[in-house]
Amino acid sequence: MFDESERGGESLADPNRLEQAVEAARRGEGQGWTALFERFYPDVHAYALARLGDLTAAEDVAQDVFVAAVTSIKGLRDPREPALQAWFLHICRHKVIDHIRRLNRHPGGALRLEPAPDPDPSAIAETNLESQRVRAAMTRLTDEQQDILVRRFVLDQSLENVAATTRRSLGAVKSMQHRALESLRRALDPKRVA
Amino acid sequence: MSDPIDPVLSDHLDAWRESSRRAPRRHARDRAIDAMETALASAVVERRTRWRLFRPRFRYAGLVAGVCTLAAAVAVAAAGWNAPPGSALFVVRAARQGVMLKLPGSDDAVLHLQFAEQSLTEARDRIDPEQGLANARTELSAALSELMSQRTSPLWARYYGDERLLLAEESQLEIDGGSPSPRAGQPTPIGDGQTNGPTQAATGDHEDLTSPRSSAPPSGQGDYAGAMISPSASGSPRPDA
């Protein structure tokens, strides 16, 4: 059902192809789902990893997102790319929240950050250290603030895009981002704030 | 567009971004595809199974419901086809008569007379005679309205006969102690000089009243003298008026 030859997310640059993939996915055709997976799996994975900091957990969440998408694509109204990406990220956000709740119920399963295969272990360690500090500081932010920061600084979405996909006004997104960054800065460097 | 970010914070965000944007591991990606494929296959099977399970149920349930509804409708129609007045199914008979009158090509005068005669028969059989006579009166009134445009129709004789029978039955009902009908006690219309009114009806001699009067049918030249039409009851003018 999922041939390697069909796995071509790049071919979905054409909006019509993406809409065709959505229609195929709605009909339950594997080809459509392959195309959607290739296009949105990296974003979903990045979102989950940015929020959780645990590579294995992020992979599990990303997998759960596409399994959930299979059963809920009938409710998708807008097949265009921004709405489609927002739909996948919306599912991912809820999966992340579910995962965090499960962790809170079972504290033994602590988040872990697994190093990626990279030729420079020291650089990885430094990057991981900084990112872990950021994630630790982000736990002080609200879920919505974390969502905004991931979209803006990990997925590189514009303010307008974030406003459109989260159904907020541009001013509200700006304000929320400002407060989130301020909270993050205070959490990262409390001495400097003092 | 947005406020400038603190350089230190920007470095932290860059590190966060870099660690988050790392490529997914191949085996995790393949595992996700397998899981999605399994979910897709399950969804398809579930959809087919659901149809397979529910379709026959709905089909049989619909068939049974349809047959039951049809049988019930036929039973009600059959029971109410000639339901007597006062019966709960009389509405069926009234509906049937209404449909017969609205059918294209139906002779409304004949139908009204037929319905009136049926009601008179029921009144004679003492099946809710008050209601039966009221129905007969209504039907005769309607028949009169239809006959007004058919001055030479042979149905006039039948109408006169029915009306005399109605008067006789009303008188009989009054004598028997029933509540007086609106027409009871009214002077009998004078026809051809022969009195066929309450006095004769009270004797119970009804048989001769059912036969149309020989002199009753209008001649077509406006000779309606003696026509026994009761304007007070039917609200209709005399045919020659």
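Predicted model: local features only at pLDDT ≥ 70, side-chain atom pairs only at ≥ 80, totals over all residues.

Student: How many aromatic pairs does a search of the whole structure find?

Tutor: The search gives 9 aromatic pairs over all chains. Let us take one case, in chain B. The ring centres of Trp156(B) and Tyr159(B) are 6.0 Å apart, and their planes meet at 85 degrees. Planes over 60 degrees apart count as edge-to-face, so the pair Trp156(B) and Tyr159(B) is edge-to-face.

Student: Where do Trp156(B) and Tyr159(B) lie in chain B?

Tutor: Both belong to helix H6 of chain B, which covers residues 155–175. Because they are 3 residues apart in this helix, about one helical turn separates them.

Student: Is Trp156(B) buried or exposed?

Tutor: One compares the relative accessible area with a cut-off: under 20% means buried. Trp156(B) has a value of 0%, so it is buried. Tyr159(B), with a relative accessible area of 1%, is buried as well.

Student: Which residues form an aromatic cluster in chain A?

Tutor: One cluster is made up of Phe37(A), Phe40(A), Tyr41(A), Phe66(A), Trp87(A) and Phe88(A).

Student: Which residue lies over the face of Trp81(B)?

Tutor: For such a case one looks for a charge above the ring and reads its distance from the ring centre. Arg96(B) lies over the face of Trp81(B), at 4.9 Å from the ring centre. In chain A, Arg152(A) is placed over the face of Phe153(A), with 5.7 Å to the ring centre.

Student: Let us turn to the interface. How many residues does the contact take from each chain?

Tutor: Chain A contributes 54 residues and chain B contributes 35 residues. A second way to describe the interface is by area. The two chains bury about 4,000 Å² between them, and 63% of this is on carbon and sulfur atoms. Of the area that chain B buries against chain A, 20% is supplied by Trp16(B), Arg22(B) and Met36(B), more than by any other three residues.

Student: How many salt bridges does the rule find across the interface of chain B and chain A?

Tutor: It finds 5 salt bridges there. One example of a salt bridge joins Asp43(A) and Arg21(B), whose closest N and O atoms are 3.6 Å apart.

Student: Which helix supplies the largest share of the side of chain B that touches chain A?

Tutor: That share, 15 residues, comes from H2(B).

How values were computed
Residues numbered from 1 in each chain as written. Chains lettered and ligands numbered in written order. Heavy atoms only, no water. Phe/Tyr/Trp six-rings, centres within 6.5 Å; stacked < 30°, edge-to-face > 60°. Helix = DSSP H or I, 4+ residues; strand = E, 2+ residues; numbered from the N terminus. Buried < 20%, exposed > 50% of the residue type's maximum accessible area, 1.4 Å probe, protein only. Lys NZ or Arg CZ within 6 Å of the ring centre and 35° of its normal. Contact = heavy atoms within 4.5 Å. Buried area = accessible area lost by both parts, 1.4 Å probe. Salt bridge = Lys/Arg side-chain N within 4 Å of Asp/Glu carboxyl O.
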